[in-house]
Amino acid sequence: MESVLSDIRAGIESINADQIRSKIESLVDALDVLRQDGVITNDAYLDAGAVHGGLMMLSNLIEIGIDRTEVKSHMEDLISRAQRVEEVHPGLMVSIDAAMR
């Protein structure tokens, strides 16, 4: 998940909604596999869903043409949310990133 967020953050000036949605699909697939395999708990899966929802909102903001300054602000909030999820579920981001490779 950290790699997804880093990629989006790095390209926030030019990334489009479809590119974010593609990353979201990969994230969702990884989360599903990790939960089914018992690598992450249902709670971790649900908490990671908050980041998923934030990414969907970000893609929608970009799609409707919201100023990139506001999009950047939402991205920073989303990164903070992901860090809080990681604090509650240590190792979650590493597990997700590994599953996405």
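Select Ile 24. Setting aside neighbours within four places in sequence, Ile 24 is in contact (heavy atoms within 4.5 Å) with His 52, Leu 55 and Met 56. This is a predicted model, where local features need pLDDT of at least 70, side-chain atom pairs count only at pLDDT 80 or more, and totals for chains, interfaces and linings use all residues. Residues are numbered from 1 along each chain as its sequence is written, and side-chain values use heavy atoms, with hydrogens and water left out.

**Stop 1: Ile 24**

Stay on Ile 24. It lies in helix 2, residues 17-36. Helices here are DSSP runs (H or I, at least four residues), numbered from the N terminus. Is Ile 24 buried or exposed? Ile 24 has 4% relative accessibility, so it counts as buried. The cut-offs are under 20% relative accessible area for buried, over 50% for exposed, and partly exposed in between, with a 1.4 Å probe and protein chains only.

**Stop 2: helix 2 and helix 3**

Two packed helices are described by the angle between their axes and the distance between the axes. Axes are lines fitted to C-alpha atoms, for helices over the stretch in contact, and angles run from 0 to 180 degrees between N-to-C directions. Select helix 2 and helix 3. Their axes come within 9 Å and cross at roughly 170°. Helix 2 is therefore roughly antiparallel to helix 3. Angles under 35 degrees count as roughly parallel, over 145 as roughly antiparallel, 65 to 115 as roughly perpendicular, and the rest as oblique.

Colour the contact residues. On helix 2 they include Ile 20, Ile 24, Leu 27 and Leu 31. On helix 3 they include Tyr 45, His 52, Leu 55 and Met 56. By class, this contact has twelve nonpolar, four polar and four charged residues. Ala, Val, Leu, Ile, Met, Phe, Trp, Tyr, Cys and Pro count as nonpolar, Asp, Glu, Lys and Arg as charged, and the others, Gly among them, as polar.

**Stop 3: the loop**

Move to Val 39, in the loop between helix 2 and helix 3. Which residues does Val 39 contact, leaving aside its neighbours within four places in sequence? They are Leu 34 and Ser 95. Val 39 and Ser 95 are 56 residues apart in sequence, but 7.9 Å apart in space, C-alpha to C-alpha.

**Stop 4: helix 1 and its partners**

Select helix 1 (residues 2-10) and helix 3 (residues 42-63). They pack at about 20°, with axes 12 Å apart. Helix 1 and helix 3 are therefore roughly parallel to each other. Val 4, Leu 5 and Ile 8 of helix 1 meet Val 51, Leu 55 and Leu 58 of helix 3. By class, this contact has six nonpolar, no polar and no charged residues.

Helix 1 and helix 4 pack at about 165°, with axes 11 Å apart. These two are therefore roughly antiparallel to each other. Leu 5, Ile 8 and Arg 9 of helix 1 make the contact with Met 75, Glu 76, Leu 78, Ile 79 and Ala 82 of helix 4. The classes here are six nonpolar, no polar and two charged.

**Stop 5: helix 5**

Finish on helix 5, residues 92-100. Its buried residues are Leu 92, Met 93, Ile 96 and Asp 97. They cover an arc of only 130° around the axis, so they sit on the same side of helix 5. The arc is taken from the directions from the helix axis to the C-beta atoms. Show the other helices again. The buried residues of helix 5 pack against helix 1, helix 2, helix 3 and helix 4 (68-88).
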